[in-house]
Amino acid sequence: MSDSRYDAATEFDRQLDRLVQLGYPAMAGLTEDAFRDLLTPLRPAAVARAADLAAPTDGRVPFLLVTTRELVPVQERIALTTLAGKRKPGILDRNFPAGDLPAFDPIKELEVPAGPAYLLFDVDRGEEYRNLPPSTALAQMTERGRLPITIDEGLAFVTLHPPALASNRCFSLVGSRCGDKRVPALWISQGAPKLGWCWFGNPHTWLGSATADPVRVGLE
């Protein structure tokens, strides 16, 4: 059962408020009311599906309100991420050209809803996959009935739950690929989040592979 201090409705409202406070409506070309009207229809599904999930911890959350590049570009969203208790904005790694970002799409195993926003449930930063190559992590998480997360989902994780990204607790985003051996990842550089990439077959002691429930719920 869920922790008595955790309420899914309150958590949804907190996440939506956070996006508004960060300036997402203006970046999406919307008024605050229009932005709220767009995303609020996801609230009942969040409440229904997440009510009995465990309360948030540093490395795991019951659900995320994910916004996509259809609503706000990746470069603008990474700049609004920070580490827990810090203020330095996130950056795009210089080895990850901005022009490459549109080529990284969700892998075929994921059923990512079309549209500007959706819900992702039971999200974990995948510490158990540290020092395993993403290729091995993908096979193991799939055997356990879970799937990797995408760039959009990783940005939502760090934006809405900054403690998820911590020293030696960084994570690959195996759910986004572009047809080569690169795998996007979020790690820490000079006191701020950084979106970069690593290799599908290379392990890193400080890098896990984030996972989530396979079911994603989109706007009707």
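These notebook entries record what I looked up in this structure.

**Ground rules.** I am working with a predicted model, in which local features need pLDDT of at least 70 and side-chain atom pairs count only at pLDDT 80 or more, while totals for chains, interfaces and linings use all residues. I number residues from 1 along each chain as its sequence is written, and side-chain values use heavy atoms, with hydrogens and water left out.

**Overall form.** I looked up the secondary structure and found seven helices and twelve strands, where helices (H or I, at least four residues) and strands (E, at least two) are DSSP runs numbered from the N terminus. The C-alpha trace spans about 45 × 40 × 35 Å along its principal axes. The chain's radius of gyration of 16 Å agrees with a compact globule, because 220 residues would give a value near 17 Å (taken over C-alpha atoms, with the rule 2.2 Å times the number of residues to the power 0.38).

**Helix 1 and helix 3.** I then followed helix 1 (residues 8-22) to where its axis comes within 11 Å of that of helix 3 (residues 32-39), the two crossing at roughly 145°; axes are lines fitted to C-alpha atoms, for helices over the stretch in contact, and angles run from 0 to 180 degrees between N-to-C directions. On the helix 1 side the contact (heavy atoms within 4.5 Å) is made by Phe12, Leu16, Asp17, Leu19 and Val20, and on the helix 3 side by Glu32, Phe35, Arg36 and Leu39.

**The largest cavity.** I found one cavity of 30 Å³ or more, a cavity being a set of points on a 1 Å grid over the protein atoms alone where a 1.4 Å probe fits but cannot get out, with lining residues having an atom within 4 Å of a point. The largest cavity holds about 40 Å³ of space, a volume being the space filled by probe spheres set on grid points joined across faces, edges and corners. Among the residues lining this cavity are Leu19, Tyr24, Arg77 and Asp152, and helix 7 gives the most to the lining, with five residues.

**The largest pocket.** A pocket is an open set with protein on both sides within 12 Å along at least five of seven lines, and the largest contains about 280 Å³ of space. Of its 21 lining residues, Thr68, Arg69, Phe104, Pro106 and Asp152 lie nearest the centre. Helix 5 (74-78), strand 3 (105-106) and helix 7 (151-160) each supply at least two residues of this lining.
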